[in-house]
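Here is a short briefing on one chain. Please keep the sequence and the 3D view open while reading.

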Amino acid sequence: MNTRHDRSDGPDDIDAAFAEIVAGLEREGGVGKWPDSDEEDDGPAAEKATRDEPASAPDDTSDDSAQGPRDWTPSAEPEDEGHYEPPEPPPLPTPRPSTLGGIVVIAIGLLLLLVPALAGIGSSSALPIGLIAVSAGIIWLLLRMRQGPPSSGDDGARL
């Protein structure tokens with residue numbers, strides 16, 4: 001097992017190397033000073049004194065033409081930015097008679113399931129007939145679905 005102490009490519013005293021790196025950074029001024037433990041004791045008193053000091057008021061002699069974000073008002077006339085407005089979508093296609101037949105079979109099956117007395121048969125025989133009708137309508141619609149995009153010969157590219 002190769003540990004840090006067994007390696008010959010690193011410094012022997014890691015703490016001394018780290019202290020040397022920190023001292024170099026402090027000379028360059030790239031390291032901020034952390035508060036000492038003595039300064040932490042009077043932290044709440046220092047915070048209270050900081051809170052009690054009034055915040056510096058904005059300069060009242062500044063130019064009145066300078067406006068802040070809350071002074072902004074939109075222009076009276078909206079600017080035309082040339083946004084893209086998509087064309088109206090094409091109308092829905094009219095359903096084919098076979099599609100309407102599948103929807104009617106599903107509706108009849110649901111009526112048999114929900115209101116069996118409407119067909120004049122008992123609820124014990126209406127339940128299986130209704131389930132078969134709903135299943136047959138769903139299967140009919142799934143089998144009659146289009147298998148791919150319409151073949152118009154157009155690849156969709158517009159130049």
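Ser98 is buried, because its relative accessible area of 17% falls under the 20% cut-off. The model is predicted.

**Ser98 and its surroundings**
- Ser98 sits in helix H4, which covers residues 97-114.
- Leaving aside residues up to four places away in sequence, Ser98 touches Trp140 and Arg144.
- With Arg144 there is also a polar contact, side chain to side chain, at 3.4 Å.

**Other residues of helix H4**
- Ile108 belongs to helix H4.
- Its relative accessible area is 46%, so Ile108 counts as partly exposed, a class that lies between 20% and 50%.
- Ile108 and Ala133 are 25 residues apart along the chain, and their C-alpha atoms are separated by 7.1 Å.
- Leu110 also has its place in helix H4.
- Leu110 is partly exposed, because its relative accessibility is 40%.

**Surface**
- Leu110 is one of the residues in a nonpolar surface patch.
- The patch is formed by Leu110, Leu111, Leu114, Val115 and Leu118.
- Together these residues have about 500 Å² of accessible area.
- For the chain, the accessible surface comes to about 15000 Å².
- Carbon and sulfur atoms hold 58% of that surface.

**Fold and packing**
- The chain has five helices and zero strands.
- Read from the N terminus, the order of elements is α-α-α-α-α.
- The chain has 159 residues, and 8% of them count as buried.
- Ser98 is in the buried class.
- Take the contacts in the chain with a separation of 6 or more: 49% of them join residues 24 or more positions apart.

**Confidence**
- Which helix has the lowest confidence, and which the highest?
- Helix H3 (residues 43-52) is lowest, at a mean pLDDT of 50, and H4 is highest, at 93.
- Over residues 49-53 the pLDDT is below 50.
- That stretch, residues 49-53, has zero contacts in the model beyond near neighbours in sequence.
- The average pLDDT of the chain is 75.
- A score of at least 70 is reached by 62% of the residues.
- Ser98, Ile108 and Leu110 are placed in helix H4, where the mean confidence is 93.

Terms used:
Residues numbered from 1 in each chain as written. Predicted model: local features only at pLDDT ≥ 70, side-chain atom pairs only at ≥ 80, totals over all residues. Heavy atoms only, no water. Helix = DSSP H or I, 4+ residues; strand = E, 2+ residues; numbered from the N terminus. Buried < 20%, exposed > 50% of the residue type's maximum accessible area, 1.4 Å probe, protein only. Polar contact = N/O pair within 3.5 Å; in protein donor to acceptor, adjacent residues only side chain to side chain. Contact = heavy atoms within 4.5 Å. Areas by Shrake-Rupley, 256 points an atom, 1.4 Å probe, with all protein chains shown as cover. Patch = residues over 30% accessible without salt bridge, like charges linked within 9 Å, V, L, I, M, F, W, Y side chains within 5 Å. Salt bridge = Lys/Arg side-chain N within 4 Å of Asp/Glu carboxyl O. pLDDT = per-residue confidence, 0-100.
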